[in-house]
Amino acid sequence: MCAVARRKMEAVFTAAFLLCFLGAPGVHGNSLTILEAPDFVHFQKGDWPISGEKIPDLVALTMGFSVQQDLAWPGLQSGPLFQRPRANMLVVVRGADSLDLPQNVASYPLENPVPFTLDSVAETVHSLFAEDTPVVLQLAPSEERLYMLGKANAVFEDLPVTLQQIRARLSQDGSVLASLPLSSLSRNAEADLLFLSEVQVLHDITALLHRHRHLAKDHSPDLYSLELSGLEELSRVYGQDSAQYRDAIAILSSVLQKFGEEVYSLYGNSAVVEIVTVKTFEAPLTRKSRSILESKQISKAATPYNLAYKYNFQYAVIFNIVLWLMIVLALAVIAISYNLWNMDPGYDSIIYRMTNQKIRMD
């Protein structure tokens, strides 16, 4: 009996050691962390994995927009119909195995980490709130990729976007180099400067939002999408076991925690901030430069059958409004016609009633 009990105890300690060594599910590896969210956007805590290709649909649903296919994911519950967040901030961190973000709403494992963009969400925002000129900002400093729409063109016109501009910004007053504990990071190494440049962009975005607080008071929702790959470059140059990589992980975790709190506060506690950590994407992303303001050219060769254009997501709503309004009006006409047909003019009509009384008096 003692030998059996001893073997059971050894098995228990071995399992506990492996669990601590490998880490709990959803903590290490690719993950989606909801850093901030208003009370009316309900995220359930759990280990439900979500596919990378579903991230744009998740962002659209949190902003109150409809999607083509229902998101069968229990992490997000339905919320109020007439409330939507004022902004959504999505930050994709490439090359990160895990980030220490203790103050978060929920965290979920990310499976099938394929590249994705928020172009569909940006088009929806632009089509529904074109007159209000919402802020749409998509930025990837490492690729020098920038896409702005609406008020973002005026607010973020001074934002450094190219690596040369950002590195010049690091040497100016108000740079993050004066406040960050660089430790093993160098100001002269290319990989280190790329990482520090991305941290500087986060700092400048919050500074510009502080300067333009009126953005959080309009009726149109704002959309931000940032892609950071400085950690991926540090991991490639120095390795994950290097002091530079560990210091960068600690710096970025602290900066993102503060960044999410500031964005959430600037929008009056009505913003959703998501952090996606991806070790590496499974497939390269091919992105073409375009503008959603440009008109779509319809090719005659592509539509030889003269097919109608596809309806938008509001078709079902408009169809139901028109259908039931027609039914109500038809029923009203039938009821009125029936009552008029069966009306007794001498008894039901006040005109004929007074006429009859006058005749009787005469």
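The model is a predicted one, in which local features need pLDDT of at least 70 and side-chain atom pairs count only at pLDDT 80 or more, while totals for chains, interfaces and linings use all residues. Residues are numbered from 1 along each chain as its sequence is written, and side-chain values use heavy atoms, with hydrogens and water left out.

**The sheet around β10**

The chain has eleven helices and ten strands, where helices (H or I, at least four residues) and strands (E, at least two) are DSSP runs numbered from the N terminus. Eight strands form an open sheet with mixed pairing, in the order β3-β6-β1-β10-β5-β9-β7-β8; two strands are said to pair if DSSP finds at least two bridges between them. The edge strands, each of which pairs on one side only, are β3 (50-51) and β8 (145-150). On one side of β10, strand β1 (residues 31-36) runs antiparallel to β10 and is joined to it by five bridges. With β5, strand β10 pairs in the parallel sense over eight bridges, and within this pairing Arg 94 stands opposite Val 278. Strand β5 is also joined to β9, by seven bridges and again in parallel, with Met 89 standing opposite Tyr 224 in β9.

Which way do the residues of β10 point? In a regular strand the side chains alternate between the two faces of the sheet. Here Ala 271, Val 273, Ile 275 and Thr 277 point one way, and Val 272, Glu 274, Val 276 and Val 278 the other way. Because eight of the eight residues of β10 are buried, the strand is largely enclosed by the rest of the structure; buried means under 20% relative accessible area, exposed over 50%, and partly exposed in between (1.4 Å probe, protein chains only). For the chain as a whole, 41% of the 362 residues count as buried.

**Salt bridges**

The structure holds four salt bridges, a salt bridge being a side-chain nitrogen of Lys or Arg within 4 Å of a carboxyl oxygen of Asp or Glu.

| Pair | Closest N to O |
|---|---|
| Arg 94 and Glu 232 | 2.8 Å |
| Arg 169 and Asp 204 | 3.3 Å |

Glu 232 is partly exposed, with a relative accessible area of 22%.

The salt bridge between Asp 204 and Arg 169 ties together parts that are 35 residues apart in sequence, because Asp 204 lies in helix α6 (residues 190-211) and Arg 169 in helix α5 (residues 163-170). Asp 204 counts as buried at 7% relative accessibility, and Arg 169 is buried at 15%. Salt bridges that share partners join Arg 94, Glu 227 and Glu 232 into one network.

Leaving aside its neighbours within four places in sequence, Arg 169 is in contact (heavy atoms within 4.5 Å) with Pro 160, Gly 174, Ser 175, Gln 200 and Asp 204. Two packed helices are described by the angle between their axes and the distance between the axes. The axes of α5 and α6 come within 9 Å and cross at roughly 80°, where axes are lines fitted to C-alpha atoms, for helices over the stretch in contact, and angles run from 0 to 180 degrees between N-to-C directions. That makes α5 roughly perpendicular to α6, a term for angles of 65 to 115 degrees, with those under 35 counted as roughly parallel, those over 145 as roughly antiparallel and the rest as oblique.

From α5, Leu 163, Ile 166, Arg 167, Arg 169 and Leu 170 meet residues of α6 that include Leu 193, Leu 194, Ser 197, Gln 200, Val 201 and Asp 204. By class, the contact has seven nonpolar, two polar and four charged residues, with Ala, Val, Leu, Ile, Met, Phe, Trp, Tyr, Cys and Pro counted as nonpolar, Asp, Glu, Lys and Arg as charged, and the others, Gly among them, as polar.
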